Amino acid sequence: AKADGSILVHSLLAGSAAELGADGSITLSNAAGGLAIDAAGNVVATTPLGTFGAGTHGHNSPFGPIGPPIPGT
């Protein structure tokens, strides 16, 4: 437990960590990347290919965009 009320858990064998923020945020990470969910419910994934936000990416198809980003996801 940290002074700000958050909780941080490390796994020494797997090289991963999980943090539960005092504000309700959740951050999971390992050697391949991570996943963060902020207090508003926005999801961001980090991979070796880049960072992708569920609420900020477009919805593309071979025929063009099929929808705008969906905030709050």
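## Ground rules

Since the model is predicted, local features need pLDDT of at least 70 and side-chain atom pairs count only at pLDDT 80 or more, while totals for chains, interfaces and linings use all residues. Residues are numbered from 1 along each chain as its sequence is written, and side-chain values use heavy atoms, with hydrogens and water left out.

## Overall build

Strands here are DSSP runs (E, at least two residues) numbered from the N terminus, and helices would be H or I runs of at least four.

Of the 73 residues, 8% count as buried, where buried means under 20% relative accessible area, exposed means over 50%, and partly exposed is in between (1.4 Å probe, protein chains only). Contacts (heavy atoms within 4.5 Å) tell their own story: among those between residues at least 6 apart in sequence, 7% join residues at least 24 apart.

## The β5-β6 hairpin

Strands β5 (residues 43-47) and β6 (residues 50-53) run antiparallel and are joined by four bridges; two strands pair if DSSP finds at least two bridges between them. The two make a hairpin, with two residues between them. Across the pairing, Ala-45 sits opposite Phe-52 in β6.

## The salt bridge

The partners are Lys-2 and Glu-19, at 3.2 Å from N to O. Lys-2 lies in the segment before β1 (7-11) and Glu-19 in strand β2 (residues 16-20), so the pair ties together parts that are 17 residues apart in sequence.

How accessible are the two partners? Lys-2 is partly exposed at 39% relative accessibility, and Glu-19 is also partly exposed, at 24%.

## A greasy patch

Ile-7, Val-9, Leu-20, Ile-26, Leu-28 and Leu-35 form a nonpolar surface patch with about 460 Å² of accessible area together. The elements giving two or more residues to the nonpolar patch are β1 and β3 (26-30). Patch residues have over 30% relative accessible area and no salt bridge; nonpolar side chains (Val, Leu, Ile, Met, Phe, Trp, Tyr) are joined within 5 Å, like charges within 9 Å.

Leu-35 belongs to strand β4 (residues 33-37) and counts as partly exposed, at 32% relative accessibility. As for the whole surface, the protein exposes about 5,100 Å², with carbon and sulfur atoms supplying 68% of it; areas come from the Shrake-Rupley method with a 1.4 Å probe, and for residues only the protein chains shown count as cover.

How values were computed: A salt bridge is a side-chain nitrogen of Lys or Arg within 4 Å of a carboxyl oxygen of Asp or Glu.
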